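Here's a quick tour of a helical model for you to follow along with. Have the viewer open and pick out the residues as they come up.

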Amino acid sequence: MKSTKLLMADHESILEALHILDAICTEIEHDKEVNYDDIHSLLAFLYHFADGSHHVKEEAILFPALMQAGMTFEEGPLRVMTYEHERGRALTSAMEDSLTRSDKHDFVMYGRRYIQLLTEHIEKENYVLFPMAEEILSDEEDQNIAEAFTEFEQTTVGTTTYERLRGTLESLASKYLPAAPVLS
């Protein structure tokens, strides 16, 4: 499978987490009682999956390969993507800090900013960066990147961790996201 398709599959999980975050923010805005363990679980998912795995695969594997293939860091989208990863890290920390201070207003504010940032970021990657990557990477380079992603997931993150993170996301989705209607 193409390396960009593997990253796009990650994006689907991240977008689901953003929908859950949106639902939690909406509940807080409507003064509903929210389970703080759920919020901490969601932030842990975002920290370990979105940032600790997905963004690391991009920054440590994909971006260097793209620069090796001729894409410049300063003039291309790589600088923007890296900046947005850093901004996402800052917003995740700000959400965590607002929970520590029991500041629901700040949590919602930072949560909404994070949702907007990552939603727009994923669009840029899916529709700008990844098509550019597919243009400049040879099939062999792309295959090497995809293999490096798999090795990173298995050795650095670990299969057990991935299964736990996906289980967390499924559990939170069943609790906070409406079920899709069944078509007859």
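This is a predicted model: local features need pLDDT of at least 70, side-chain atom pairs count only at pLDDT 80 or more; totals for chains, interfaces and linings use all residues.

Residues are numbered from 1 along each chain as its sequence is written, and side-chain values use heavy atoms, with hydrogens and water left out.

Confidence comes as pLDDT, the predictor's score for each residue, from 0 to 100. The protein chain averages 93, and 97% of the residues score at least 70. Among the elements, α4 has the highest mean pLDDT (97) and α6 the lowest (91). Helices here are DSSP runs (H or I, at least four residues), numbered from the N terminus.

Now the inside. A nonpolar core is a set of buried Ala, Val, Leu, Ile, Met, Phe, Trp, Tyr and Cys residues joined through side-chain atoms within 4.5 Å; buried means under 20% relative accessible area, with a 1.4 Å probe and protein chains only. The largest such core has 50 residues, and I24, L62, F107 and Y114 have the most contacts inside it. Two or more core residues come from each of α1 (3-29), α2 (36-68), α3 (77-100), α4 (104-136), α5 (139-157) and α6 (159-176). The largest share, 12 residues, is from α2.

Take Y114: leaving out residues up to four places away in sequence, Y114 touches L18, L21, L46, A50, G88, L91, T92 and M95. Contact means heavy atoms within 4.5 Å.

How do α5 and α6 cross? Their axes come within 6 Å at roughly 95°, which makes the two helices roughly perpendicular (the label covers 65 to 115 degrees). Axes are lines fitted to C-alpha atoms over the stretch in contact, with angles from 0 to 180 degrees between N-to-C directions. E153, Q154 and V157 in α5 meet T159, T161 and Y162 in α6. Those contact residues divide into 2 nonpolar, 3 polar and 1 charged.

| Residue | Helix | Relative accessible area |
|---|---|---|
| D38 | α2 | 11% |
| A94 | α3 | 15% |

Setting aside neighbours within four places in sequence, D38 is in contact with L172, K175 and Y176. As for A94, A65 is 29 residues away in sequence and 32 Å away in space, C-alpha to C-alpha.

Technical notes: Angles under 35 degrees count as roughly parallel, over 145 as roughly antiparallel, 65 to 115 as roughly perpendicular and the rest as oblique. Ala, Val, Leu, Ile, Met, Phe, Trp, Tyr, Cys and Pro count as nonpolar, Asp, Glu, Lys and Arg as charged, and the others, Gly among them, as polar.
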